[in-house]
Amino acid sequence: MALKTLVVNEAGVYLSYIDSGAPSKSPYVTIFALHGMCFTGLIFKKVSKLFLDKGFRFVAVNRRNFAGSSPYTPEEFKELTTGNDEQKNAWAHSRGQEFTMFMVNFIQENDLPAMTPDGKSGGVVILGWSAGASLAIAALSIVDSLSQDAQSCLSTHLRAFIAQEPAPLALGLPTPPKNWAPLRETSIPEELRFKAFAHWLTSYFEHGDLSTRDLDSLSYVLASPLRPPSIYNMSTAETDEMLQLDQAAMSDLPFLFNLSNQLKVAFRKVCFDPATKRLLPKMSITFMSGTMPPAFGPAGLWAVESEQKEAKTNHIHLKVIPGANHFMHWDDPEKAVEVYLDCVKL
């Protein structure tokens, strides 16, 4: 699938994307998907085709520093890695604004249908997978700073936000004490850590009784032999086009580790601030995890559940997908489409 680009601000920043194209019948729902670490938006190409066949439009966006999108400038990377709180706040705001304006520009340039009065069609959905949920939350948290025209556009179009397996860290929430990942394992040669991470990330894990919400029940290191890692279900050509183990992947580490305070504020604003609900009244929120991803999947879902209890609300939908690993949309695309559609609730 050919990458296209869309300029999102006067500075000339652009984001690349793949677009299934409009279905034959209108009105229709459009899904904007944001990828996680190491894998670009092409990881969604299987579900993109299935959605089009079902009468939906699917747009997978490559985040900054990934294939086809604007790389970070040296100044932006310096602010991310060594900036003070004010600079980090501005950095997170800018990245969020870039994605919101991508959506607004795409909606207006392609005349995407707004939600119908009965809510059964039209509108847009944000699907943030893994670290992509961090950017989605950063974007939704700054909608109140946009122009009235942009706010109105999103208010009439945005029908759902789906967060698929963000780690607690991706939401600015505490990391489990036993958390482990190859990226920070010093016994693995540095040049092999991202490759090891890709294999570990795509594996299936047999956890203990997840109904206990006990972090000690999770399998943090050892993957299950019951099913091969998803990367073994990818051809060399496919990994060549959608797996990035370069500076793009490296930039996600300071994004997640250095902006934890900014991400936590954004997460709580999007999920629990009544002002967000007034601004985006039609937007439902769902957090989901499979039962067989790395430990951060269930841990992230439990962390959101705890935050919701503390906020004394129950409007966030929490969803568990039996048998799914972190790459449900690749290994089981038909199942993934069914799960996503259930979140949209047409």
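On a 1 Å grid over the protein atoms alone, a cavity is a set of points where a 1.4 Å probe fits but cannot get out, and its lining residues have an atom within 4 Å of a point. The structure is a predicted model, in which local features need pLDDT of at least 70 and side-chain atom pairs count only at pLDDT 80 or more, while totals for chains, interfaces and linings use all residues. Residues are numbered from 1 along each chain as its sequence is written, and side-chain values use heavy atoms, with hydrogens and water left out.

**Cavity**

- The count comes to 1 cavity of 30 Å³ or more, and the largest cavity has a volume of about 90 Å³, a volume being the space filled by probe spheres set on grid points joined across faces, edges and corners.
- Lining the largest cavity are Leu15, Arg63, Arg64, Tyr72, Trp91, Arg95, Glu98, Phe99, Leu135 and Phe255, with α3 giving the most, 4 residues.

**Sheet**

- An open sheet of 8 strands has mixed pairing and the order β1-β2-β4-β3-β5-β6-β7-β8; strands (E, at least two residues) and helices (H or I, at least four) are DSSP runs numbered from the N terminus, and two strands pair if DSSP finds at least two bridges between them.
- Its edge strands, each pairing on one side only, are β1 (4-7) and β8 (317-321).
- Strands β3 (residues 30-34) and β4 (residues 57-61) run parallel and are joined by 5 bridges, and alanine 33 has alanine 60 in β4 as its bridge partner.

**Helix on the sheet**

- Helix α3 (residues 85-109) packs on the sheet, touching β1, β2 (14-19), β3, β4 and β5 (124-129), where contact means heavy atoms within 4.5 Å.

Conventions. Axes are lines fitted to C-alpha atoms, for helices over the stretch in contact, and angles run from 0 to 180 degrees between N-to-C directions. On a 1 Å grid over the protein atoms alone, a cavity is a set of points where a 1.4 Å probe fits but cannot get out, and a pocket is an open set with protein on both sides within 12 Å along at least five of seven lines; lining residues have an atom within 4 Å of a point.
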